Amino acid sequence: MFIVISPLNPDPMYKQVTDQIKDAIADGTLKPEDRLPSIREMAREIKISEITIKRAYADLENEGYILTRSGLGSFVADINRDRLRREKLAEARNEIRKMLKTGKRFGIEPSDLVDIIQKLGDD
């Protein structure tokens, strides 16, 4: 699988798993009806606790990203791409708020951040 857990990432491990699976669904790497590895397989592959994977899968199922079929495993749900886009925009909005708050403490203007974003978008 494609999951990479980073000890440098401040997010808990289950959230890193959840976020990476959501990203794979959003970019089409994982498609509706694709089977995910079992909890045990995923835990062994990325060398973390089965409990951590179970939490990630439970969160993904509660949010409607995956479906678990008893005896068959967990599968990618047919997701509304507009919903994914709205969720990512909300995440971006929260990150930008954090950047603006931090920038304000260091004299960084919102226009400076806009310039950075525009330049990065041109890459």
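Predicted model: local features only at pLDDT ≥ 70, side-chain atom pairs only at ≥ 80, totals over all residues.
T52 comes out at 15% relative accessibility, so T52 counts as buried.

Where does T52 sit? You'll find it in helix α3, which covers residues 50-62. If you set aside the neighbours within four places in sequence, T52 is in contact with M13 and Y14. For the chain as a whole, 27% of the 123 residues count as buried.

## The overall layout

Now zoom out. The chain has five helices and two strands, and reading along the sequence gives you the pattern α-α-α-β-β-α-α. Its radius of gyration is 17 Å, while the globule rule gives 14 Å for 123 residues; the value is well over the rule, so the chain is more spread out than a compact globule.

Take the contacts with a separation of 6 or more: 47% of them come from residues 24 or more positions apart.

## The hairpin

The two strands are β1 (residues 66-69) and β2 (residues 73-76), and they pair in the antiparallel sense over four bridges. Which residue of β2 is the bridge partner of L67? That would be F75.

Together β1 and β2 make a hairpin, with three residues between them. In the turn, look for G71, which has a positive phi of about 80°. As a rule, side chains in a regular strand alternate between the two faces of the sheet.

Helix α4 runs through residues 81-105, and you can check its length yourself. At 1.5 Å a residue, its 25 residues should span 36 Å, and the C-alpha atoms at its ends are 37 Å apart, which agrees. In general, an α-helix has 3.6 residues a turn, so residues three or four places apart point the same way.

What caps the N-terminal end of α4? The cap is N80: one of its side-chain oxygens lies 2.7 Å from the backbone nitrogen of D82.

Terms used: Residues numbered from 1 in each chain as written. Heavy atoms only, no water. Expected span 1.5 Å × (residues − 1). Polar contact = N/O pair within 3.5 Å; in protein donor to acceptor, adjacent residues only side chain to side chain. Rg over C-alpha atoms; globule rule 2.2 N^0.38 Å. Buried < 20%, exposed > 50% of the residue type's maximum accessible area, 1.4 Å probe, protein only. Contact = heavy atoms within 4.5 Å. Pairing = 2+ DSSP bridges.
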